[in-house]
Structures are given as C-alpha cells and as structure tokens.
Amino acid sequence: MQTCDVDSPRPSLLGQRTVSRAVGAGMFALVIGLSGCSGSESAVGGSSGDSTEDSAQSNSSAAGTMSPDDQIAYGCQLADKVKTDFPDSQAWTDSPPELGEDRVLSELMSIGSLFGGAAPMGDPVDQEVQDLGRELVGAVNTLQRDQFGPLVDSTISVCGDFLSTSYEGQPSAADTSETGQVVYGCRIVEQTLEQYPDAAAWESEEPKFGDDPVWNEVAAAGGLFGSGGGGTSEPVDAELEKIGYELISDGATMDTDGLSTSLDQARESCSNFDA
C-alpha cells in the first residue's frame, strides 16, 4: 500500500460511525500538506436539491463519461450555482457559511477537487483551473470567507469554454441541485470502482500520488456527498455523508485498503439514487 510520511498520525474517522463535523475540512488540510510528498514508482492507475421526477430525469443524463474535462465542466456548473446563491460580497456577509452546517462549503471544496486542487497533478488539464482549485480548497479549509466571493468570480471567469461547451457525458445544463451533486459523486465512485474493483487492484496498479487524478476524484466524491467543509446540518443522505468523510480521509492519507472498503460502502448507499 502506498504511503506518505507525515508528521501527524492518520485520524481515526468513523471508528464507531460517529464523526466530528470539523474533520472534513481538516482532512483537506492534510491533502494540501501532502502536496510535497512523492508517490511510489509503481504504475499509475486510470482516471477516470429536491428529488423530483424532473430532477431524476436530468440526473440520469448528468454524466456519461467522467473524463477530467467533464469533471471540470461539472465543477464550473457548480460554481455557477454557487454564484447564483451568493451573487455578491454582501450575500456572503449577510449569510456567512459555517463549518459543519452549510453545504456551500462542501460545494466549494468539490469544485476545487474537480479542478484538481485537492492533490497535486503533474499534468493538469488546465494549470490556471488547477491553481484556482487549490485556492478554493485552501480558502475553505482556513475559512477565509472574504475570499469566497472573489474566488468564485475568478472561477466563473476562467471556466469560460467549460461553461459554454457540452463535453461528452457532460450536458450544458447539468443537475447541480443537492441531489444532483450526490448523483454525480456516485458516478465518480462507480468509475473509480471500474478501475479499482477491489483491494487487489489497488495493490497491483497502485496510483501514483502527484500524478494520478484518482486522489482528486475521491476527494470530489466526498465533497459532493456533503462531507467537505465539516459536513452539513441537513445532509441529503446521512450515510453517504459519513462515507464521504472516509473517502476524504482515506484519500488524503493514501490508505488504499480503506478506500477499497469506503468505495464499496458508497456504491451500496448510492443504490438509493438514480446514478
């Protein structure tokens, strides 16, 4: 199993299925701290609201493929949704998001991870997009509320073509409702399990930290389940939100054994959604 030397021991998340809401953001801090670590020399693995009838129909077409371009496009759509919810700096001031309560923090974390900002990427799809992703993850982790508005504006500006182009598997009007986010996270989980169906697959084709997109993908899935930014006060699915903490933790510490278990658990809980 690939490991990375860090000063702090791996936190024990969900030992009794009980999670501190502050852990989600803390684990992203560990992700950022690990950005200077080097992975093993083994071969890299592959990359990859309301529940209404209309929502379910759009969910069913929310993602066909999950390429890096598709994931960035979804992150851009999600940034557009955040901009609608918080149109200006006054909105962020009037309703400051709190750790462990407000989903927007998980949304910002998810955007950053979908952009490749939760873990370093040697060959990003777009360097400027990845840099913004890192800033988003860092701003949420340190709760720099005054940076949220400017970073979302910068994200919308940089997204450009990603917002106007319909990539394969990513329609121009994606479902970014809370349920839609969970569905997209479930599809990331499913794609990861296609590449790494069991613990043996992680061992035989171990992804290299700093190069393989899977580390960002599992972080993004955890965030889309509502587990970034300390979680939410009203989760879409409480069990998936708990599993999301595990995905973030296991990915941050490169615990591939833990990831294998967490991904299987996520797949089971995702069966409740039209993913």
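# Reading buried residues, disulfides and helix packing

Trainee: Which residues of α7 are buried?

Mentor: F148, G149, L151, V152, T155 and C159 are the buried residues of α7. Buried means under 20% relative accessible area; over 50% is exposed, and in between is partly exposed (1.4 Å probe, protein chains only). Helices are DSSP runs of H or I with at least four residues, numbered from the N terminus.

Trainee: What should I know about the model itself?

Mentor: This is a predicted model: local features need pLDDT of at least 70, side-chain atom pairs count only at pLDDT 80 or more, and totals for chains, interfaces and linings use all residues. Residues are numbered from 1 along each chain as its sequence is written, and side-chain values use heavy atoms, with hydrogens and water left out.

Trainee: How many disulfides does the structure hold?

Mentor: A disulfide is a covalent bond between the sulfur atoms of two cysteines. The cut-off used here is a pair of cysteine sulfur atoms within 2.5 Å. The structure holds two. One joins C76 to C159, with S to S at 2.0 Å. The torsion about its S-S bond is about -90°, so this disulfide is left-handed. The pair links distant parts of the chain, 83 residues apart: C76 sits in helix α3 (residues 68–85) and C159 in helix α7 (residues 145–159).

Trainee: Are C76 and C159 buried or exposed?

Mentor: C76 has 0% relative accessibility, so C76 counts as buried. C159 counts as buried because its value is 1%.

Trainee: Which residues form the disulfide at C186?

Mentor: C186 pairs with C270, their sulfur atoms 2.0 Å apart. This link is left-handed, with -85° about the S-S bond. The pair also joins distant parts of the chain, 84 residues apart: C186 in helix α9 and C270 in helix α13 (residues 256–270). Both cysteines are buried.

Trainee: At what angle do α9 and α13 pack?

Mentor: Two packed helices are described by the angle between their axes and the distance between the axes. Axes are lines fitted to C-alpha atoms, for helices over the stretch in contact; angles run from 0 to 180 degrees between N-to-C directions. Here the angle is about 130°, and the axes of α9 and α13 are 10 Å apart. That makes α9 oblique to α13. The classes are roughly parallel under 35 degrees, roughly antiparallel over 145, roughly perpendicular from 65 to 115, and oblique for the rest.

Trainee: Which residues make the contact?

Mentor: Contact means heavy atoms within 4.5 Å. From α9 come C186, V189, E190, T192 and L193; from α13 come L263, D264, A266, R267 and C270.

Trainee: With what is T192 in contact?

Mentor: T192 lies in helix α9 (residues 178–195). Its relative accessibility is 3%, so T192 counts as buried. Neighbours within four places in sequence aside, T192 touches W202, V214, E217 and L263.

Trainee: Where is A201 found?

Mentor: A201 belongs to helix α10 (residues 199–204). A201 is buried, with a relative accessible area of 13%. Again leaving aside neighbours within four places in sequence, A201 is in contact with Q195 and Y196. The C-alpha atoms of A201 and S260 are separated by 9.2 Å, although the two are 59 residues apart along the chain.

Notes. Helix = DSSP H or I, 4+ residues; strand = E, 2+ residues; numbered from the N terminus.
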